[in-house]
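Visitor: Hello! Could you walk me through the surface and the aromatic side chains of the protein shown here?

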Amino acid sequence: MLQLEEEIAKRMHPFDDAVRRLRQIPGVDRITAWGLIAEIGVDMDKFGDSRHLASWAGLCPGNHESAGKRLSGKSRKGSPWLRRMACQTAWAAARTKNTYLSAQFKRLASRRGSKRAIIAVAHSLLVIGYHLQTNCCAYQELGGNYFDRLHAEGLKRHLVKRLESLGLTVTLQARIA
């Protein structure tokens with residue numbers, strides 16, 4: 001087993017920069033990065049954009065609508081190896097602490113269920129990987145409180161309403177730094 005891993009490492013040596021970029025994503029380890037490069041490659045020009053990559057992997061949401069009514073949104077089959085690898089990585093990323101991907105998983109799992117949330121996180125992983133390889137840049141973590149910062153006013157209103165429903169009077173005052 002160790003010999004096989006050494007041989008793979010030797011053959012993946014020309015792609016060390018791509019592996020290093022992918023390993024910055026939470027949940028992606030060295031073997032996963034090798035698998036992603038083996039399945040997708042490092043040349044992202046063959047995909048028009050990140051949506052085409054997600055579609056090819058079978059990780060894009062389905063779109064079945066008839067007479068204005070949304071029916072089953074089942075995703076298509078796509079590449080089974082890449083889809084499985086992305087989903088396993090998404091499970092690992094969902095269990096990381098204080099990251100954007102874990103916050104995305106928790107937010108979606110509470111509303112849509114854990115399986116649909118994993119597909120969404122796997123989709124996000126592929127989109128992030130696409131942009132990292134296309135732009136040759138480093139991964140920038142948005143943080144676990146990204147969605148709270150994005151909708152700060154709505155979150156304040158919601159929390160005040162919940163406290164008032166418990167019979168409390170709430171006054172908000174800005175904190176002096």
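## Rings and a surface patch

Guide: Gladly! Let me begin with Tyr146, which counts as partly exposed at 23% relative accessibility. Please keep in mind that this is a predicted model.

Visitor: How many aromatic pairs does a search of the whole structure find?

Guide: Rings count as a pair if their centres lie within 6.5 Å. One of the pairs joins Phe47 and Trp56, at 5.7 Å centre to centre. Searching the whole structure gives a total of 5.

Visitor: What class is the pair of Tyr100 and Tyr146?

Guide: The two ring centres are 5.5 Å apart. Because the planes of Tyr100 and Tyr146 stand at 80°, the pair is edge-to-face.

Visitor: Which helices does that pair link?

Guide: Tyr100 and Tyr146 are 46 residues apart, so the pair links distant parts of the chain. Tyr100 belongs to residues 100-112 and Tyr146 to residues 146-150, which are helices H6 and H8.

Visitor: Which residues make the nonpolar surface patch of about 350 Å²?

Guide: One member, Met1, lies in the segment before helix H1. Met1 is exposed, with a relative accessible area of 81%. The patch is made by Met1, Leu4 and Ile8.

Terms used. Residues numbered from 1 in each chain as written. Predicted model: local features only at pLDDT ≥ 70, side-chain atom pairs only at ≥ 80, totals over all residues. Heavy atoms only, no water. Patch = residues over 30% accessible without salt bridge, like charges linked within 9 Å, V, L, I, M, F, W, Y side chains within 5 Å. Areas by Shrake-Rupley, 256 points an atom, 1.4 Å probe, with all protein chains shown as cover. Salt bridge = Lys/Arg side-chain N within 4 Å of Asp/Glu carboxyl O. Helix = DSSP H or I, 4+ residues; strand = E, 2+ residues; numbered from the N terminus. Buried < 20%, exposed > 50% of the residue type's maximum accessible area, 1.4 Å probe, protein only. Phe/Tyr/Trp six-rings, centres within 6.5 Å; stacked < 30°, edge-to-face > 60°.
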